[in-house]
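Please open the model in your viewer and keep the sequence panel beside it.

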Amino acid sequence: MIALADERPRYLLADKGYDTDAIRTSLRETGIRSCIPPKSTRKAKIRWNRRIYRERNRIERMIGHLKINRAIATRYDKLARSFLDVLHLATIRKCLRYATL
């Protein structure tokens with residue numbers, strides 16, 4: 001199924017590709033709310049929170065900006081700690097760039 005972090009999230013934000021009954025059931029059993037828009041072929045109506053789903057777009061845009069850094073996109077670093085350090089530097093660089101505008 002879907003591997004989650006050690007700390008249980010309140011919501012799982014995912015795109016329509018994850019709209020399956022098995023995933024929704026698994027999330028419900030673990031106490032995680034799903035925020036997955038239904039596929040157009042789904043017969044049963046499923047409610048989902050559009051406001052929360054918008055956060056997914058913000059996360060994907062941030063990842064896209066971080067992947068501009070070649071070291072992050074190709075993951076040259078062998079150690080997780082080194083990769084995290086480069087990720088922090090790229091995030092700081094992005095924040096400083098917008099702070100000076």
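The radius of gyration is taken over C-alpha atoms, and the globule rule used for comparison is 2.2 Å times the number of residues to the power 0.38. With everything selected, the protein has a radius of gyration of 17 Å, whereas a compact globule of 101 residues would have one near 13 Å. The C-alpha atoms fill a box of roughly 45 × 35 × 20 Å along the principal axes.

This is a predicted model, in which local features need pLDDT of at least 70 and side-chain atom pairs count only at pLDDT 80 or more, while totals for chains, interfaces and linings use all residues. Residues are numbered from 1 along each chain as its sequence is written, and side-chain values use heavy atoms, with hydrogens and water left out.

Followed from the N terminus, the elements run β-α-β-α-α-α.

Now select Leu12, Ala14, Ile23, Leu27, Ile32 and Ile36, the 6 residues of the largest nonpolar core. Such a core is a set of buried Ala, Val, Leu, Ile, Met, Phe, Trp, Tyr and Cys residues joined through side-chain atoms within 4.5 Å; buried means under 20% relative accessible area, exposed over 50%, and partly exposed in between (1.4 Å probe, protein chains only). Centre on leucine 27, which, leaving aside neighbours within four places in sequence, is in contact (heavy atoms within 4.5 Å) with Leu12, Ile32 and Ser34.

From there go to arginine 56 in helix H2, residues 50-66. Arginine 56 counts as buried because its relative accessibility is 17%. Its side chain makes a polar contact of 2.7 Å with the side chain of glutamate 60 (N or O atoms within 3.5 Å, where within protein one must be able to donate a hydrogen and the other to accept it, and residues adjacent in sequence count only if both atoms are side-chain atoms). Not counting residues up to four places away in sequence, arginine 56 also touches Leu13, Ala14 and Asp15.

Tryptophan 48 is partly exposed at 24% relative accessible area, whereas tyrosine 53 is buried at 18%.

Conventions:
Helix = DSSP H or I, 4+ residues; strand = E, 2+ residues; numbered from the N terminus.
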